[in-house]
Amino acid sequence: MQPSESLPAVVIVGRPNVGKSTLFNAITGKRRAIVGDEPGITRDRLHGEAIHRGRRFELIDTGGIIPNDDELIPANILRQARVALDRACAVIFLIDGRSEITAADRELAAMLRRLGKPVALAVNKIDALARENLAWQFHELGFEHLFPISAEHQHGLAELLDFVTRDIPPEPAESAESAAPVRTIKVAIIGRPNVGKSTLLNALVGQERAIVSPVAGTTRDAVDEAVERNGVRYVFVDTAGIRRKGKTKLMAEKLSVVMARRHIRMANVVVMVMDASEGPTGTDATVAGYAHEDGRALILCVNKWDLSPEKRQSRFIQAVRSQFKFLDYAPVVFTRADLGQGVEKLFDLIRDAYDSASKRVSTGELNRFVEKLTFETDVRIKYITQAGVRPPTFVAFTDKAGPLHFSVERFLINQLRAQFGFHSTPIVIKARKSGRK
(Lines give C-alpha, C1' and ligand atoms only; values in the text may rest on other atoms or scores of the structure.)
Protein backbone atom coordinates (compact mmCIF):
# COMPACT_ATOMS: atom_id res chain seq x y z
CA MET A 1 0.00 0.00 0.00
CA GLN A 2 1.26 3.45 -0.83
CA PRO A 3 2.27 5.32 2.35
CA SER A 4 0.87 8.72 3.16
CA GLU A 5 2.97 11.69 2.09
CA SER A 6 2.62 12.99 5.65
CA LEU A 7 5.12 10.34 6.80
CA PRO A 8 8.80 11.32 7.03
CA ALA A 9 10.68 9.97 4.02
CA VAL A 10 13.99 8.09 3.96
CA VAL A 11 15.45 7.78 0.46
CA ILE A 12 17.86 5.12 -0.82
CA VAL A 13 20.17 6.33 -3.60
CA GLY A 14 23.17 4.87 -5.38
CA ARG A 15 24.48 3.96 -8.79
CA PRO A 16 23.02 0.91 -10.59
CA ASN A 17 23.40 -2.61 -9.18
CA VAL A 18 24.71 -1.80 -5.70
CA GLY A 19 21.79 -3.55 -3.95
CA LYS A 20 19.22 -0.78 -3.40
CA SER A 21 16.21 -3.01 -4.13
CA THR A 22 17.55 -5.76 -1.84
CA LEU A 23 17.94 -3.18 0.96
CA PHE A 24 14.46 -1.80 0.27
CA ASN A 25 12.93 -5.29 0.56
CA ALA A 26 14.94 -6.03 3.74
CA ILE A 27 13.79 -2.85 5.52
CA THR A 28 10.13 -2.99 4.46
CA GLY A 29 9.94 -6.74 5.05
CA LYS A 30 8.21 -7.30 1.70
CA ARG A 31 9.35 -8.50 -1.72
CA ARG A 32 8.13 -5.27 -3.26
CA ALA A 33 11.07 -4.42 -5.54
CA ILE A 34 12.42 -6.66 -8.30
CA VAL A 35 15.90 -7.95 -7.47
CA GLY A 36 18.36 -9.38 -9.97
CA ASP A 37 21.92 -9.34 -11.25
CA GLU A 38 21.12 -7.28 -14.32
CA PRO A 39 22.02 -3.60 -13.68
CA GLY A 40 19.37 -0.92 -14.01
CA ILE A 41 16.35 -3.07 -13.12
CA THR A 42 14.71 -0.41 -10.92
CA ARG A 43 13.74 2.66 -12.96
CA ASP A 44 10.80 4.34 -11.24
CA ARG A 45 10.96 5.21 -7.58
CA LEU A 46 9.26 2.72 -5.26
CA HIS A 47 7.52 3.60 -2.02
CA GLY A 48 7.07 1.41 1.03
CA GLU A 49 6.14 1.89 4.66
CA ALA A 50 8.47 0.75 7.43
CA ILE A 51 8.74 1.08 11.21
CA HIS A 52 11.88 0.94 13.36
CA ARG A 53 11.74 1.09 17.16
CA GLY A 54 8.27 2.66 17.02
CA ARG A 55 9.30 5.25 14.41
CA ARG A 56 7.18 4.95 11.28
CA PHE A 57 8.55 6.29 7.99
CA GLU A 58 8.20 6.08 4.24
CA LEU A 59 11.07 4.33 2.46
CA ILE A 60 11.74 5.34 -1.15
CA ASP A 61 13.90 3.25 -3.47
CA THR A 62 15.19 5.22 -6.47
CA GLY A 63 16.46 3.95 -9.79
CA GLY A 64 20.21 3.54 -10.24
CA ILE A 65 21.58 7.07 -10.66
CA ILE A 66 24.25 7.91 -13.23
CA PRO A 67 24.96 11.66 -12.87
CA ASN A 68 25.41 13.70 -16.07
CA ASP A 69 24.03 10.95 -18.31
CA ASP A 70 21.92 12.62 -20.99
CA GLU A 71 20.23 9.48 -22.32
CA LEU A 72 16.45 9.53 -21.97
CA ILE A 73 15.81 6.88 -19.31
CA PRO A 74 18.86 7.63 -17.06
CA ALA A 75 17.98 11.35 -17.17
CA ASN A 76 14.39 10.55 -16.14
CA ILE A 77 15.64 8.31 -13.32
CA LEU A 78 17.75 11.18 -11.97
CA ARG A 79 14.74 13.52 -12.18
CA GLN A 80 12.56 11.00 -10.29
CA ALA A 81 15.28 10.65 -7.63
CA ARG A 82 15.46 14.42 -7.14
CA VAL A 83 11.70 14.55 -6.52
CA ALA A 84 12.19 11.98 -3.74
CA LEU A 85 15.26 13.72 -2.30
CA ASP A 86 13.35 16.99 -1.95
CA ARG A 87 11.01 15.22 0.50
CA ALA A 88 13.70 13.26 2.35
CA CYS A 89 14.41 13.75 6.04
CA ALA A 90 17.43 11.44 5.67
CA VAL A 91 19.30 9.74 2.82
CA ILE A 92 20.91 6.30 2.60
CA PHE A 93 23.77 6.51 0.09
CA LEU A 94 24.39 2.88 -0.83
CA ILE A 95 27.64 1.77 -2.44
CA ASP A 96 29.15 -1.62 -3.30
CA GLY A 97 31.80 -2.54 -0.71
CA ARG A 98 33.34 -5.09 -3.05
CA SER A 99 34.26 -2.56 -5.73
CA GLU A 100 36.48 0.49 -5.86
CA ILE A 101 35.14 4.03 -5.63
CA THR A 102 33.99 5.11 -9.08
CA ALA A 103 33.65 8.51 -10.72
CA ALA A 104 29.85 8.06 -10.53
CA ASP A 105 30.14 7.50 -6.76
CA ARG A 106 32.12 10.73 -6.36
CA GLU A 107 29.70 12.78 -8.48
CA LEU A 108 26.71 11.41 -6.58
CA ALA A 109 28.45 12.11 -3.24
CA ALA A 110 29.03 15.73 -4.29
CA MET A 111 25.36 16.09 -5.24
CA LEU A 112 24.21 14.67 -1.89
CA ARG A 113 26.53 16.93 0.13
CA ARG A 114 24.93 19.96 -1.54
CA LEU A 115 21.51 18.85 -0.23
CA GLY A 116 22.46 19.63 3.35
CA LYS A 117 20.46 16.65 4.66
CA PRO A 118 21.64 13.81 6.95
CA VAL A 119 23.36 11.18 4.79
CA ALA A 120 24.22 7.65 5.95
CA LEU A 121 26.93 6.08 3.81
CA ALA A 122 25.95 2.40 3.71
CA VAL A 123 28.71 0.14 2.40
CA ASN A 124 26.87 -2.92 1.12
CA LYS A 125 27.94 -6.54 0.57
CA ILE A 126 30.10 -6.57 3.73
CA ASP A 127 28.99 -10.05 4.81
CA ALA A 128 32.05 -11.04 6.85
CA LEU A 129 34.04 -9.40 9.65
CA ALA A 130 37.20 -9.66 7.54
CA ARG A 131 35.61 -7.34 4.97
CA GLU A 132 34.70 -4.62 7.48
CA ASN A 133 38.24 -3.19 7.27
CA LEU A 134 37.64 -2.62 3.56
CA ALA A 135 34.57 -0.49 4.31
CA TRP A 136 36.40 2.31 6.07
CA GLN A 137 38.27 3.36 2.91
CA PHE A 138 34.96 4.84 1.70
CA HIS A 139 35.26 7.66 4.28
CA GLU A 140 37.15 9.53 1.58
CA LEU A 141 33.77 10.27 -0.04
CA GLY A 142 33.38 12.87 2.70
CA PHE A 143 30.57 11.48 4.89
CA GLU A 144 30.98 11.19 8.65
CA HIS A 145 28.43 8.44 9.26
CA LEU A 146 29.49 5.15 7.62
CA PHE A 147 27.74 1.80 8.14
CA PRO A 148 29.10 -1.56 6.86
CA ILE A 149 26.04 -3.67 6.00
CA SER A 150 24.86 -6.73 4.11
CA ALA A 151 21.38 -6.06 2.72
CA GLU A 152 21.07 -9.68 1.54
CA HIS A 153 21.89 -11.14 4.97
CA GLN A 154 20.40 -8.17 6.89
CA HIS A 155 23.60 -7.47 8.83
CA GLY A 156 24.16 -3.98 10.25
CA LEU A 157 20.67 -2.71 9.41
CA ALA A 158 19.71 -1.85 13.01
CA GLU A 159 22.58 0.63 13.41
CA LEU A 160 21.84 2.15 9.98
CA LEU A 161 18.14 2.60 10.81
CA ASP A 162 18.94 4.02 14.26
CA PHE A 163 20.78 6.85 12.49
CA VAL A 164 18.32 7.64 9.67
CA THR A 165 15.28 7.57 12.00
CA ARG A 166 16.85 9.48 14.92
CA ASP A 167 14.89 12.68 14.16
CA ILE A 168 11.56 10.88 13.59
CA PRO A 169 9.31 11.00 16.67
CA PRO A 170 7.97 7.64 17.90
CA GLU A 171 4.30 6.96 17.28
CA PRO A 172 1.86 7.39 20.18
CA ALA A 173 0.58 3.99 21.27
CA GLU A 174 -3.05 4.95 20.70
CA SER A 175 -2.59 6.48 17.22
CA ALA A 176 -3.22 3.25 15.32
CA GLU A 177 -6.46 2.61 17.22
CA SER A 178 -7.82 6.14 16.93
CA ALA A 179 -7.35 6.41 13.15
CA ALA A 180 -10.66 6.16 11.32
CA PRO A 181 -10.71 3.35 8.73
CA VAL A 182 -10.72 4.57 5.12
CA ARG A 183 -12.25 2.45 2.38
CA THR A 184 -9.41 1.40 0.08
CA ILE A 185 -9.64 0.01 -3.46
CA LYS A 186 -6.49 -1.49 -4.97
CA VAL A 187 -6.34 -0.99 -8.73
CA ALA A 188 -3.81 -2.69 -11.03
CA ILE A 189 -3.13 -1.01 -14.40
CA ILE A 190 -2.11 -3.71 -16.88
CA GLY A 191 -1.53 -4.04 -20.61
CA ARG A 192 1.03 -4.66 -23.31
CA PRO A 193 4.24 -2.58 -23.32
CA ASN A 194 3.94 1.05 -24.48
CA VAL A 195 0.14 1.37 -24.52
CA GLY A 196 0.21 4.31 -22.09
CA LYS A 197 -0.09 2.70 -18.65
CA SER A 198 2.39 5.07 -16.98
CA THR A 199 0.79 8.10 -18.67
CA LEU A 200 -2.58 6.95 -17.35
CA LEU A 201 -1.17 6.56 -13.81
CA ASN A 202 0.21 10.10 -13.95
CA ALA A 203 -3.17 11.42 -15.15
CA LEU A 204 -5.05 9.56 -12.39
CA VAL A 205 -2.84 10.86 -9.57
CA GLY A 206 -2.39 14.33 -11.04
CA GLN A 207 1.40 14.32 -11.04
CA GLU A 208 4.32 12.87 -12.97
CA ARG A 209 4.71 9.78 -10.83
CA ALA A 210 6.00 7.19 -13.31
CA ILE A 211 8.67 7.55 -15.96
CA VAL A 212 7.03 8.00 -19.36
CA SER A 213 8.99 7.52 -22.57
CA PRO A 214 8.43 6.20 -26.10
CA VAL A 215 10.77 3.31 -25.27
CA ALA A 216 8.69 0.13 -24.91
CA GLY A 217 9.21 -1.61 -21.57
CA THR A 218 10.30 1.49 -19.61
CA THR A 219 8.35 0.37 -16.53
CA ARG A 220 9.81 -2.74 -14.91
CA ASP A 221 8.87 -2.44 -11.25
CA ALA A 222 5.24 -1.99 -10.28
CA VAL A 223 4.81 1.67 -9.36
CA ASP A 224 2.00 2.63 -7.00
CA GLU A 225 0.34 5.80 -5.79
CA ALA A 226 -2.66 6.55 -3.57
CA VAL A 227 -5.39 9.12 -4.30
CA GLU A 228 -8.33 9.91 -2.01
CA ARG A 229 -11.64 11.00 -3.52
CA ASN A 230 -15.04 11.34 -1.89
CA GLY A 231 -14.00 9.24 1.11
CA VAL A 232 -12.50 6.45 -1.00
CA ARG A 233 -8.76 5.75 -1.20
CA TYR A 234 -7.64 4.44 -4.58
CA VAL A 235 -4.23 2.73 -4.65
CA PHE A 236 -3.10 2.53 -8.27
CA VAL A 237 -0.39 0.06 -9.28
CA ASP A 238 1.22 0.59 -12.71
CA THR A 239 2.60 -2.82 -13.65
CA ALA A 240 5.24 -3.67 -16.23
CA GLY A 241 4.03 -4.32 -19.76
CA ILE A 242 3.07 -7.97 -20.19
CA ARG A 243 4.19 -9.80 -23.31
CA ARG A 244 3.14 -13.23 -24.50
CA LYS A 245 5.02 -16.16 -22.99
CA GLY A 246 8.15 -16.82 -25.02
CA LYS A 247 8.50 -13.17 -25.99
CA THR A 248 10.35 -12.23 -22.81
CA LYS A 249 14.08 -12.88 -22.97
CA LEU A 250 15.76 -10.60 -20.44
CA MET A 251 15.69 -11.81 -16.84
CA ALA A 252 14.36 -8.44 -15.64
CA GLU A 253 11.46 -8.58 -18.11
CA LYS A 254 10.56 -12.12 -17.03
CA LEU A 255 10.56 -11.04 -13.39
CA SER A 256 8.42 -8.03 -14.34
CA VAL A 257 5.78 -10.31 -15.83
CA VAL A 258 5.79 -12.51 -12.71
CA MET A 259 5.39 -9.44 -10.49
CA ALA A 260 2.65 -8.02 -12.75
CA ARG A 261 0.69 -11.28 -12.44
CA ARG A 262 1.15 -11.10 -8.67
CA HIS A 263 -0.20 -7.54 -8.54
CA ILE A 264 -3.23 -8.60 -10.58
CA ARG A 265 -4.00 -11.22 -7.93
CA MET A 266 -3.56 -8.66 -5.14
CA ALA A 267 -5.79 -6.04 -6.81
CA ASN A 268 -9.50 -5.49 -6.25
CA VAL A 269 -10.06 -3.97 -9.70
CA VAL A 270 -7.95 -4.26 -12.88
CA VAL A 271 -7.82 -1.60 -15.61
CA MET A 272 -6.62 -3.22 -18.85
CA VAL A 273 -5.17 -0.58 -21.18
CA MET A 274 -5.04 -1.07 -24.94
CA ASP A 275 -3.76 1.14 -27.75
CA ALA A 276 -6.60 2.54 -29.87
CA SER A 277 -4.25 3.10 -32.83
CA GLU A 278 -3.63 -0.66 -33.07
CA GLY A 279 -7.13 -1.86 -32.21
CA PRO A 280 -7.87 -4.84 -29.94
CA THR A 281 -5.21 -7.53 -30.45
CA GLY A 282 -4.82 -11.19 -29.50
CA THR A 283 -2.13 -10.21 -26.98
CA ASP A 284 -4.58 -7.75 -25.38
CA ALA A 285 -7.01 -10.65 -24.98
CA THR A 286 -4.27 -12.79 -23.41
CA VAL A 287 -3.35 -10.05 -20.91
CA ALA A 288 -6.99 -9.35 -20.01
CA GLY A 289 -7.46 -13.11 -19.64
CA TYR A 290 -5.00 -13.10 -16.71
CA ALA A 291 -7.35 -10.80 -14.79
CA HIS A 292 -10.38 -12.88 -15.78
CA GLU A 293 -8.69 -16.12 -14.66
CA ASP A 294 -7.83 -14.56 -11.30
CA GLY A 295 -11.43 -13.42 -10.80
CA ARG A 296 -10.67 -9.69 -10.74
CA ALA A 297 -13.22 -7.01 -11.56
CA LEU A 298 -12.16 -5.61 -14.92
CA ILE A 299 -12.42 -2.38 -16.92
CA LEU A 300 -11.23 -2.15 -20.54
CA CYS A 301 -9.53 1.20 -21.19
CA VAL A 302 -9.01 2.24 -24.81
CA ASN A 303 -6.16 4.77 -24.66
CA LYS A 304 -4.78 7.09 -27.39
CA TRP A 305 -8.31 7.36 -28.79
CA ASP A 306 -7.25 10.37 -30.91
CA LEU A 307 -4.97 8.06 -32.93
CA SER A 308 -7.64 5.47 -33.74
CA PRO A 309 -8.42 4.98 -37.44
CA GLU A 310 -11.98 4.05 -36.35
CA LYS A 311 -13.66 7.28 -35.19
CA ARG A 312 -16.95 5.74 -34.02
CA GLN A 313 -16.75 4.39 -30.48
CA SER A 314 -19.68 2.01 -31.06
CA ARG A 315 -17.79 0.30 -33.90
CA PHE A 316 -14.66 0.01 -31.77
CA ILE A 317 -16.67 -1.53 -28.92
CA GLN A 318 -18.06 -4.10 -31.38
CA ALA A 319 -14.47 -5.02 -32.35
CA VAL A 320 -13.55 -5.31 -28.67
CA ARG A 321 -16.54 -7.56 -27.93
CA SER A 322 -15.66 -9.72 -30.92
CA GLN A 323 -12.02 -10.10 -29.83
CA PHE A 324 -12.84 -10.50 -26.11
CA LYS A 325 -15.97 -12.68 -26.22
CA PHE A 326 -15.33 -13.95 -22.68
CA LEU A 327 -15.26 -10.37 -21.31
CA ASP A 328 -18.76 -9.27 -22.25
CA TYR A 329 -19.28 -8.08 -18.66
CA ALA A 330 -16.37 -5.58 -18.72
CA PRO A 331 -17.24 -1.91 -19.40
CA VAL A 332 -15.23 -0.04 -22.05
CA VAL A 333 -13.94 3.49 -21.45
CA PHE A 334 -12.14 5.71 -23.98
CA THR A 335 -9.28 7.92 -22.79
CA ARG A 336 -6.54 10.19 -23.95
CA ALA A 337 -4.33 9.93 -20.90
CA ASP A 338 -1.75 12.50 -22.06
CA LEU A 339 -4.46 15.19 -21.84
CA GLY A 340 -6.40 13.63 -18.97
CA GLN A 341 -9.48 13.05 -21.15
CA GLY A 342 -11.83 10.32 -19.94
CA VAL A 343 -9.83 9.83 -16.74
CA GLU A 344 -12.51 11.22 -14.42
CA LYS A 345 -15.00 8.60 -15.62
CA LEU A 346 -12.54 5.87 -14.63
CA PHE A 347 -12.90 6.70 -10.93
CA ASP A 348 -16.68 6.10 -11.10
CA LEU A 349 -16.23 2.87 -13.07
CA ILE A 350 -13.61 1.58 -10.61
CA ARG A 351 -15.82 2.26 -7.60
CA ASP A 352 -18.85 0.66 -9.29
CA ALA A 353 -16.78 -2.38 -10.31
CA TYR A 354 -15.52 -2.82 -6.74
CA ASP A 355 -19.06 -2.52 -5.33
CA SER A 356 -20.38 -5.01 -7.86
CA ALA A 357 -17.65 -7.56 -7.15
CA SER A 358 -18.23 -7.13 -3.39
CA LYS A 359 -22.03 -7.53 -3.55
CA ARG A 360 -23.72 -10.21 -1.46
CA VAL A 361 -27.15 -11.71 -2.13
CA SER A 362 -29.07 -13.41 0.66
CA THR A 363 -29.98 -17.09 0.39
CA GLY A 364 -33.66 -16.15 0.53
CA GLU A 365 -33.35 -13.90 -2.52
CA LEU A 366 -31.42 -16.62 -4.36
CA ASN A 367 -34.07 -19.24 -3.55
CA ARG A 368 -36.76 -16.98 -5.01
CA PHE A 369 -34.50 -16.45 -8.02
CA VAL A 370 -34.16 -20.23 -8.55
CA GLU A 371 -37.95 -20.74 -8.39
CA LYS A 372 -38.41 -18.38 -11.34
CA LEU A 373 -35.76 -20.01 -13.54
CA THR A 374 -37.12 -21.70 -16.67
CA PHE A 375 -34.74 -23.54 -18.96
CA GLU A 376 -34.43 -26.99 -20.48
CA THR A 377 -31.81 -29.19 -18.84
CA ASP A 378 -31.52 -32.68 -17.43
CA VAL A 379 -30.14 -31.26 -14.17
CA ARG A 380 -32.50 -29.75 -11.61
CA ILE A 381 -31.10 -26.89 -9.54
CA LYS A 382 -32.66 -27.16 -6.08
CA TYR A 383 -31.17 -24.04 -4.50
CA ILE A 384 -28.21 -21.66 -4.70
CA THR A 385 -26.17 -19.95 -2.01
CA GLN A 386 -23.43 -17.32 -2.27
CA ALA A 387 -20.11 -18.60 -0.97
CA GLY A 388 -17.87 -15.56 -1.48
CA VAL A 389 -17.17 -12.18 -3.04
CA ARG A 390 -14.44 -10.68 -5.26
CA PRO A 391 -15.29 -12.58 -7.39
CA PRO A 392 -18.95 -13.32 -6.54
CA THR A 393 -18.97 -17.09 -6.05
CA PHE A 394 -22.12 -19.19 -5.94
CA VAL A 395 -22.73 -22.85 -5.11
CA ALA A 396 -25.59 -24.48 -7.03
CA PHE A 397 -26.99 -27.58 -5.32
CA THR A 398 -28.36 -30.02 -7.90
CA ASP A 399 -29.94 -33.46 -8.07
CA LYS A 400 -26.92 -34.96 -9.90
CA ALA A 401 -23.23 -35.20 -9.15
CA GLY A 402 -20.64 -33.53 -11.40
CA PRO A 403 -20.10 -30.08 -12.88
CA LEU A 404 -22.78 -28.17 -14.73
CA HIS A 405 -22.77 -28.19 -18.52
CA PHE A 406 -21.14 -25.06 -19.95
CA SER A 407 -24.43 -23.84 -21.44
CA VAL A 408 -26.25 -24.21 -18.10
CA GLU A 409 -23.46 -22.41 -16.25
CA ARG A 410 -23.50 -19.61 -18.82
CA PHE A 411 -27.28 -19.29 -18.53
CA LEU A 412 -27.06 -19.07 -14.74
CA ILE A 413 -24.35 -16.40 -14.86
CA ASN A 414 -26.34 -14.28 -17.32
CA GLN A 415 -29.49 -14.57 -15.20
CA LEU A 416 -27.59 -13.62 -12.02
CA ARG A 417 -26.20 -10.56 -13.77
CA ALA A 418 -29.60 -9.50 -15.04
CA GLN A 419 -31.37 -10.08 -11.70
CA PHE A 420 -28.82 -8.70 -9.23
CA GLY A 421 -26.72 -6.29 -11.29
CA PHE A 422 -23.36 -8.05 -11.21
CA HIS A 423 -21.36 -6.11 -13.81
CA SER A 424 -17.64 -5.55 -14.39
CA THR A 425 -16.80 -8.79 -12.60
CA PRO A 426 -16.52 -12.48 -13.47
CA ILE A 427 -18.93 -14.80 -11.65
CA VAL A 428 -17.91 -18.25 -10.42
CA ILE A 429 -20.46 -21.10 -10.27
CA LYS A 430 -19.68 -24.33 -8.40
CA ALA A 431 -21.99 -27.35 -8.50
CA ARG A 432 -22.68 -29.70 -5.60
CA LYS A 433 -25.04 -32.63 -5.35
CA SER A 434 -27.72 -31.75 -2.86
CA GLY A 435 -28.15 -33.95 0.20
CA ARG A 436 -31.78 -32.84 0.55
CA LYS A 437 -34.55 -35.24 -0.40
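Contact means that heavy atoms lie within 4.5 Å of each other. Among contacts in the protein chain between residues at least 6 apart in sequence, 70% join residues at least 24 apart. This is a predicted model, in which local features need pLDDT of at least 70, side-chain atom pairs count only at pLDDT 80 or more, and totals for chains, interfaces and linings use all residues. Residues are numbered from 1 along each chain as its sequence is written, and side-chain values use heavy atoms, with hydrogens and water left out.

**Overall make-up**

- The protein chain holds 13 helices and 15 strands. Helices (H or I, at least four residues) and strands (E, at least two) are DSSP runs, numbered from the N terminus.
- Of the 437 residues in the protein chain, 53% are buried. Buried means under 20% relative accessible area, exposed means over 50%, and partly exposed lies in between (1.4 Å probe, protein chains only).

**The largest nonpolar core**

- A nonpolar core is a set of buried Ala, Val, Leu, Ile, Met, Phe, Trp, Tyr and Cys residues joined through side-chain atoms within 4.5 Å.
- The largest such core has 28 residues, and L200, F236 and I350 touch the most other members.
- Two or more residues each come from strand 7 (183-191), helix 7 (197-205), strand 9 (232-238), strand 10 (269-275), strand 11 (297-303) and helix 11 (343-357).
- Helix 11 gives the most to this core, with eight residues.
- As background, nonpolar side chains tend to be buried together in soluble globular proteins.

**Strand 4 and its partners**

- Strand 4 (residues 88-96) is largely enclosed by the rest of the structure, because eight of its nine residues are buried.
- Strand 1 and strand 4 run parallel and are joined by five bridges. Two strands pair if DSSP finds at least two bridges between them.
- Strand 4 also pairs with strand 5 in the parallel sense, over six bridges.
- F93 in strand 4 stands opposite V13, and F93 also stands opposite L121 in strand 5.
- From strand 4 the chain passes through helix 3 (residues 103-115) to strand 5, and this β-α-β crossover is right-handed. The term right-handed applies if, with the strands pointing away from the viewer, the path from the first strand over the helix to the second runs clockwise.

- Strand 13 and strand 14 run antiparallel and are joined by six bridges. I381 stands opposite T398 in strand 14.

**Q386 in strand 13**

- Q386 lies in strand 13. Q386 counts as buried because its relative accessibility is 11%.
- A polar atom of the Q386 side chain lies 2.9 Å from the backbone oxygen of K359.
- The Q386 side chain also reaches the backbone nitrogen of V361 at 2.6 Å.
- Apart from neighbours within four places in sequence, the residues in contact with Q386 are K359, R360, V361, L366, P392, T393 and F394.

**Backbone features in loops**

- The peptide bond from R390 to P391 is cis, with omega near 5°. P391 sits in the loop between strand 13 (381-388) and strand 14 (393-398).
- N17 is a residue other than glycine with a positive phi, near 65°. N17 is in the loop between strand 1 (9-13) and helix 1 (20-28), and counts as partly exposed because its relative accessibility is 36%.
- K125 is not a glycine either, yet its phi is positive, at about 70°. The loop that holds K125 runs between strand 5 (119-124) and helix 4 (129-135). At 24% relative accessibility, K125 counts as partly exposed.

Conventions. A polar contact is a pair of N or O atoms within 3.5 Å; within protein, one must be able to donate a hydrogen and the other to accept it, and residues adjacent in sequence count only if both atoms are side-chain atoms.
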